[in-house]
Amino acid sequence: MKALFFLRHYNDIDHITPIISKWIESGHQCDVILIGSAKFRRDYRIAYLETLDGVRVSHVRELFSKLTYIKWRLQMLLLTRNVRRIKIIGPLVSALADIYHEKRREPLWRQTVDQLLTRSFDVNEGVIAFDWIERNSVICVEWVKIVVEMARKQGLGTVSLPHGDSPHANQLIRRGERRVLPDTTFSNAGIFDKLVVPNELCATRFRPFLQDQAIAVLGSPRFCEEWLAKLTKILPPSPLKPSDSQLKIVMFLRKANFTTFWEEVGEVVHMIADFPGVEIIIKPHTRSGWKQSLTTDSSIKQLSNVSIAGDEAHSVHLMNWSDIIIDLATSVVFEAVRAKKPVLAADYLIAGRSTIADYMPETELRCRDDVYEKISHFLSNGCDSYYIEENRQRFLREILDGSDNNVLPRYVELLKQACPTTLSDCNKKITIAFK
């Protein structure tokens with residue numbers, strides 16, 4: 001069977017590449033079209049996919065004429081929220097979008113969609129897959145809706161795949177959020193035939209907007225054992241230099257729109273840096289690190305044992321380098337839990353309850369004293385025997401794996417059954433491991 005995968009940004013690539021890899025391994029074919037920044041053409045996971053027989057990888061600008069691509073991108077910019085947030089040009093862009101309204105935009109949307117679908121499918125059988133399209137980010141929802149509509153008319157299945165996980169166990173986590181209500185951010189999921197989530201915690205976001213049969217809970221493709229074993233073989237060499245520091249620490253920062261108590265984060269960095277034999281690398285968020293005050297704090301930049309990681313250092317490189325990790329609620333550290341590497345859940349530094357601390361209370365930092373005592377303990381006693389194994393196993397079972405670790409085969413089966421001719425049998429043939 002043929003599949004068409006649309007990938008927007010770093011997180012899509014990170015979480016959907018394992019599914020594509022297993023799809024090809026299972027004897028199927030696919031096209032991968034990058035619809036975000038062209039820089040991802042050089043991503044190591046994309047380079048890996050290009051080595052697989054049965055995969056065609058392209059950036060969308062390679063598939064349209066130069067004029068069509070420019071017009072397509074400009075229409076996208078009229079609707080994407082990041083442009084509208086710019087104070088100087090935001091109002092102008094909004095006004096232009098009103099003038100060049102949806103009905104006027106539609107012919108170009110349909111022209112480009114027809115070109116992409118015709119290129120990938122010569123028979124009316126197959127499936128298209130996006131990530132969780134939640135809002136107008138790099139790609140506007142308006143265009144995605146037309147892709148889905150035209151794909152259905154062509155007899156294709158439509159699926160929304162995970163681009164991440166839920167590092168928070170609570171709901172009110174962003175600036176300005178004050179009421180516990182269904183988050184309409186996730187309401188666009190209803191345009192797809194099937195929405196896939198790694199665990200029930202993620203499913204709760206979408207359940208107010210979807211019927212139960214439209215949601216499949218299949219485990220984490222990014223953090224399953226099968227993919228992690230393969231990831232070590234395709235990962236590029238680490239840019240990090242070897243260190244003989246007694247305790248190497250990585251701190252992962254959350255996206256800028258989540259509430260973080262930056263003054264206290266800075267205090268913690270300075271306090272830990274005062275311990276002899278400690279080295280710290282701070283990893284800003286991949287898409288909004290420049291907005292985070294800590295990365296421009298001159299007092300931190302002057303610390304000889306503290307550095308800010310660049311884009312060339314992937315999260316896996318950093319976790320392999322580190323002895324322990326301080327986390328401000330990011331799902332990337334789920335891999336460290338799998339490997340039994342200590343994660344300190346710094347919940348008191350954020351306006352939220354992390355999933356890791358919720359499942360494994362032994363990981364939680366509740367105050368500055370906790371930070372001091374944990375670092376002292378690791379320096380004196382090493383990093384073994386950190387987790388309560390019963391808690392860790394429950395986390396692995398309920399958040400990452402389900403009742404068994406056959407995660408990627410479940411995704412392949414769902415994609416196979418997503419075609420309208422077989423969709424009615426989907427729930428019968430897929431074993432949903434999370435109940």
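At what angle do helix α1 (residues 10–25) and helix α10 (residues 225–234) pack, and how far apart are their axes? The legends below begin with this pair.

**Figure 1. Packing of α1 against α10 in the predicted model.** The angle between the two helices is about 95°, and their axes lie 11 Å apart; axes are lines fitted to C-alpha atoms, for helices over the stretch in contact, and angles run from 0 to 180 degrees between N-to-C directions. Helices (H or I, at least four residues) and strands (E, at least two) are DSSP runs, numbered from the N terminus. α1 and α10 are therefore roughly perpendicular to each other (65 to 115 degrees; under 35 counts as roughly parallel, over 145 as roughly antiparallel and the rest as oblique). Thr17, Pro18, Ser21, Lys22 and Glu25 of α1 meet Glu226, Trp227 and Lys230 of α10, where contact means heavy atoms within 4.5 Å. This contact comprises 2 nonpolar, 2 polar and 4 charged residues (Ala, Val, Leu, Ile, Met, Phe, Trp, Tyr, Cys and Pro count as nonpolar, Asp, Glu, Lys and Arg as charged, and the others, Gly among them, as polar).

Residues are numbered from 1 along each chain as its sequence is written, and side-chain values use heavy atoms, with hydrogens and water left out. Because the model is predicted, local features need pLDDT of at least 70 and side-chain atom pairs count only at pLDDT 80 or more, whereas totals for chains, interfaces and linings use all residues.

**Figure 2. Packing of α1 against α18.** Helix α18 (residues 407–417) packs with α1 at an angle of about 75°, with 9 Å between the axes; the two are therefore roughly perpendicular to each other. From α1, Pro18, Ile19, Lys22 and Trp23 meet Leu408, Pro409, Tyr411, Val412, Leu415 and Lys416 of α18. The classes here are 8 nonpolar, no polar and 2 charged residues.

**Figure 3. The open sheet of 7 strands.** Its strand order is β3-β2-β1-β4-β5-β6-β7, with parallel pairing (two strands pair if DSSP finds at least two bridges between them). At the edges, β3 (55–59) and β7 (215–217) each pair on one side only. Neighbouring strands are turned by 20° against each other on average, direction ignored. Strand β6 (residues 194–197) is joined to β7 by 3 bridges, and Val197 stands opposite Val217 in β7. Helix α8 (residues 141–153) packs on this sheet and touches β1 (2–7), β4 (127–130) and β5 (157–160), its direction making about 165° with that of β4.

**Figure 4. Packing of α7 against α8.** Helix α7 (residues 102–120) and α8 pack at about 50°, with their axes 9 Å apart, and are therefore oblique to each other. Residues in contact include Trp109, Val113 and Leu117 in α7 and Trp143, Ile146 and Met150 in α8. The contact divides into 9 nonpolar, 1 polar and 7 charged residues.

**Figure 5. The open sheet of 5 strands.** The strands follow the order β10-β9-β8-β11-β12, and their pairing is parallel. Strand β9 (residues 278–283) and β10 share 3 bridges; the bridge partner of Ile282 in β10 is Ile308. Helix α11 (residues 262–273) lies across β8 (247–252), β9, β10 and β11 (324–327), running at about 155° to β9. Helix α16 (residues 368–381) also packs on the sheet, touching β8, β9, β11 and β12, and its direction makes about 145° with that of β8.
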